[in-house]
Amino acid sequence: MSQQQPFPPLPAFSDRERIVRARAAFERLKTRHSCRAFADTPVPREVIEYAIRAAGTAPSGANHQPWHFAAIASGETKRAIREAAEAEERRFYGEDGERPKASGEWLNALAPIGTNAAKPFLETAPWLIACFAQRTGGIAEDGQTQNYYVTESVGIACGMLIATLHEAGLATLTHTPSPMAFLREICRRPANEKPLMIVVVGHPAPGATVPEHALAKKPLEQISSWF
Ligand SMILES: Cc1cc2nc3c(=O)[nH]c(=O)nc-3n(C[C@H](O)[C@H](O)[C@H](O)COP(=O)(O)O)c2cc1C
């Protein structure tokens with residue numbers, strides 16, 4: 001049976017105000033850039049708590065909320081993640097002396113970003129948020145109930161997490177060392193959870209740069225069609 005509540009009121013903006021606000025949100029989001037050099041300046045835990053709360057308001061298949069966020073500030077845990085991630089990244093880039101695990105095409109696509117296997121920011125940044133997708137578990141987190149549209153739901157939640165951290169004036173990096181199974185072990189998460197990404201959070205280091213390649217975003221005409 002479906003019990004319903006009245007739809008909570010939304011602010012009574014004029015259409016003009018809506019345009020101004022939508023534009024302002026776009027202008028603010030446009031200033032987000034992935035950061036790969038972080039200062040060790042601390043960030044209060046409360047900021048991270050609110051960002052995770054914001055992520056937790058995301059829509060999800062059947063409202064199963066199939067996500068878990070492991071927030072890591074411990075130096076020891078960050079070091080363990082850096083060591084495991086760099087070991088995977090050395091294999092990915094072929095910096096271990098073997099053939100790279102990444103295809104030549106993939107490495108070419110990454111070349112303009114300028115990344116390599118070194119990930120010192122995993123220790124320098126004050127917070128790492130390891131984002132897990134729960135294949136099963138439901139609202140009750142019983143570990144068994146089927147979840148639906150898991151990757152889509154957690155992707156939306158991660159977007160809201162990143163947007164909230166940006167609103168709070170912090171820099172982030174979406175980091176996906178591949179494969180990431182080590183995260184489950186380090187964060188002591190169960191087998192039904194798949195690590196999706198690490199969101200690295202903090203203040204940019206003095207002199208941090210952004211790759212020019214990442215500044216070019218497709219225009220509206222290219223990313224939309226209207227009927
Ligand atoms: C799912 C996903 C995985 C990513 N993985 C990595 C990564 O492992 N390392 C990295 O340096 N950047 C990673 N990025 C960041 C992208 O390189 C970056 O978003 C892109 O270059 C555009 O730059 P911008 O975020 O500054 O707009 C990832 C982004 C996404 C969405």
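Over how many bridges do strand E3 and E4 pair, and in which sense? In this predicted model, strand E3, which spans residues 171–175, is joined to E4 by five bridges in the antiparallel sense. Within this pairing, His175 stands opposite Ile198 of E4.

Strand E4 also pairs with strand E2, formed by residues 127–134. Eight bridges link E2 and E4, and these two strands run antiparallel. The bridge partner of Trp127 is Val201, a residue of E4.

These pairings belong to an open sheet of four strands, ordered E1-E2-E4-E3, with antiparallel pairing. The edges of the sheet are taken by E3 and by strand E1 (67–72); each has a single partner strand, so one side of each has no neighbour in the sheet. From one strand to the next, the twist averages 25 degrees.

Two helices lie across the strands of the sheet. Helix H2, made up of residues 45–55, lies across E1, E2 and E4. The direction of H2 is at about 170 degrees to E1. Helix H3, covering residues 75–93, lies across E1, E2, E3 and E4. The angle between H3 and E1 is about 110 degrees.

The burial of strand E4 was also examined. Of the ten residues of E4 (residues 193–202), nine are buried, so this strand is largely enclosed by the rest of the structure. Here, buried refers to a relative accessible area under 20%.

Key
Residues numbered from 1 in each chain as written. Predicted model: local features only at pLDDT ≥ 70, side-chain atom pairs only at ≥ 80, totals over all residues. Heavy atoms only, no water. Buried < 20%, exposed > 50% of the residue type's maximum accessible area, 1.4 Å probe, protein only. Pairing = 2+ DSSP bridges. Axes fitted to C-alpha atoms, helices over the stretch in contact; angles between N-to-C directions. Contact = heavy atoms within 4.5 Å.
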